[in-house]
Amino acid sequence: MDTDNIRLRWEREEAAVRERIAAAGAQAGVSRPEQIAGKTGLEIMQALLRGELPYPPISETLGFFLIEVGDGHAVFQGAPQFKHYNPLGTVHGGWYATLLDSALGCAVQTKLPAGTGYTTAELGLNIVRSASDKSGPLRAIGTVIHSGRQMATAEARIVGPDGKLYAHATTTCFVFDASRAKG
């Protein structure tokens with residue numbers, strides 16, 4: 001495996017996504033209901049990647065970004081930074097959890113019909129390797145296991161360009177009629 005070439009490719013892919021989104025004028029924010037009305041979950045995720053919808057503010061806070069989506073699949077990329085350290089000098093577990101939760105949730109989102117939403121009901125996380133501000137880009141790759149009318153499950157892994165596993169997670173999400181959701 002050519003780790004350096006994979007790392008460079010990942011960095012170029014992220015730069016291309018960020019440039020495309022910036023060129024479209026997208027900024028951090030929350031989509032308005034009329035922006036997503038009538039769109040399937042996959043269509044919403046694809047619109048995010050084209051910069052037609054605002055990207056989530058948490059992306060700026062934690063330094064990660066959506067890179068790719070497909071049917072039942074979502075990839076986020078981030079590089080841990082010193083500002084993500086806990087008082088003991090390691091990357092806070094919340095950084096891993098949020099990156100994984102994003103990949104898991106967005107993978108589930110891609111399977112939803114128009115007018116449907118989801119919320120995380122359960123998140124199980126295992127951190128198996130420490131990351132640092134010297135780790136470079138890491139990818140969280142989320143894949144749907146089951147997508148039903150009321151519940152969906154997914155799994156995700158954070159890996160480095162060398163293929164090493166940093167963390168893995170599973171989720172259970174409740175699926176609901178978004179038109180009936182309040183707030």
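Apart from its neighbours within four places in sequence, histidine 84 is in contact (heavy atoms within 4.5 Å) with Thr61, Leu62, Gly63, Ala79, Thr90, Val91, His92 and Trp95. The structure is a predicted model, in which local features need pLDDT of at least 70 and side-chain atom pairs count only at pLDDT 80 or more, while totals for chains, interfaces and linings use all residues. Residues are numbered from 1 along each chain as its sequence is written, and side-chain values use heavy atoms, with hydrogens and water left out.

Histidine 84 is found in the loop between strand S2 (73–78) and H5. Its relative accessibility is 5%, so histidine 84 counts as buried (buried means under 20% relative accessible area, exposed over 50%, and partly exposed in between, with a 1.4 Å probe and protein chains only). Glutamate 13, by contrast, is partly exposed, at a relative accessible area of 27%. Glutamate 13 lies in helix H1 (residues 3–23) and, leaving aside neighbours within four places in sequence, is in contact with Ile67 and Arg139. Between glutamate 13 and glutamine 77 there are 64 residues in sequence and 9.7 Å in space, C-alpha to C-alpha.

The chain contains five helices and six strands (DSSP runs numbered from the N terminus, helices being H or I of at least four residues and strands E of at least two). In sequence order the pattern is α-α-α-α-β-β-α-β-β-β-β. The radius of gyration of the chain is 16 Å, close to the 16 Å that the globule rule gives for 183 residues, so the chain is as compact as a globular protein of that length (the radius is taken over C-alpha atoms, and the rule is 2.2 Å times the number of residues to the power 0.38). Of the 183 residues, 42% count as buried. Among contacts between residues at least 6 apart in sequence, 66% join residues at least 24 apart.

The largest pocket is lined by 41 residues, of which Ser31, Ile36, Ile44, Gln109 and Tyr118 lie nearest its centre. A pocket is an open set of points on a 1 Å grid over the protein atoms alone, where a 1.4 Å probe fits, with protein on both sides within 12 Å along at least five of seven lines; lining residues have an atom within 4 Å of a point. Elements that each supply at least two lining residues include helix H3 (41–50), helix H5 (93–109) and strand S3 (116–127).
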